[in-house]
Amino acid sequence: MKLTVPILIVMAASIYLFSCTTRQKNSTINYTYTPDDQQLHDTITHLDSLFFAAYNTCAVHLETYASFYADSIEFYHDKGGLMNNKEAIVASTKKFVCGKVTRTLVKGSIEVYPIKDYGAIEMGLHRFQNNEDASSTTSRPGKFIIVWQYKNNQWKITKVVSLH
């Protein structure tokens, strides 16, 4: 088959246009979160504040902190790996966190999504402060995901993903 100059031009132009439209562009995504269910968002945000108040004072409130976790908890940490034993998670928190680290939520960062017939997924940003080192600064924001299950009229944390 012999290609004529006009066909070659059309083919070249088509390839060029295709490559221009599929090329990734550096652009800013404008995103505004609006809760699907404001009452659920308020409930989970409140639970987050209670859970991390216990976390931040776990030297005194370790049992309260532990009570938020389901027995089947899975905790995925980008640096520490997977922990799926509630007692081990609480013991690790007691050893490495209590009296040593404080968590602060990045205000306005929580997003909550309902999970039909299960509960909700919470996502957000938080920072940690090393309380043992007076010269340390608060960490840069890290992402977190918490899966909450609503069962027997109680909210429990069944999964945590913590990324720094």
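Is K79 buried or exposed? K79 is exposed, with a relative accessible area of 64%, where exposed stands for over 50%, buried for under 20% and partly exposed for values in between (1.4 Å probe, protein chains only). The structure is a predicted model, in which local features need pLDDT of at least 70 and side-chain atom pairs count only at pLDDT 80 or more, while totals for chains, interfaces and linings use all residues. Residues are numbered from 1 along each chain as its sequence is written, and side-chain values use heavy atoms, with hydrogens and water left out.

The side chain of K79 meets that of D78 in a salt bridge (3.9 Å, N to O), a salt bridge being a side-chain nitrogen of Lys or Arg within 4 Å of a carboxyl oxygen of Asp or Glu. D78 is partly exposed at 38% relative accessibility. The count of salt bridges comes to five. Another of them joins D71 and K86, with the closest N and O atoms 3.6 Å apart. D71 lies in strand 1 and K86 in helix 4, so this pair ties together parts 15 residues apart in sequence; helices (H or I, at least four residues) and strands (E, at least two) are DSSP runs, numbered from the N terminus. D71 is exposed at 66% relative accessibility, whereas K86 is buried at 15%. In the salt bridge of K159 with E74, the closest N and O atoms are 3.6 Å apart. Because K159 belongs to strand 7 and E74 to strand 1, the pair ties together parts 85 residues apart in sequence.

One disulfide is counted, the criterion being a pair of cysteine sulfur atoms within 2.5 Å. The sulfur atoms of C58 and C98 are 2.0 Å apart. The link is left-handed, with -135 degrees about the S-S bond, and both cysteines are buried.

Pockets were located on a 1 Å grid over the protein atoms alone, as open sets of points where a 1.4 Å probe fits, with protein on both sides within 12 Å along at least five of seven lines; lining residues have an atom within 4 Å of a point. The largest pocket has a volume of about 540 Å³, volume being the space filled by probe spheres set on the points. Of its 24 lining residues, Y55, F75, H77, V97 and S162 are the closest to the centre. Helix 4 gives the largest share of this lining, four residues.
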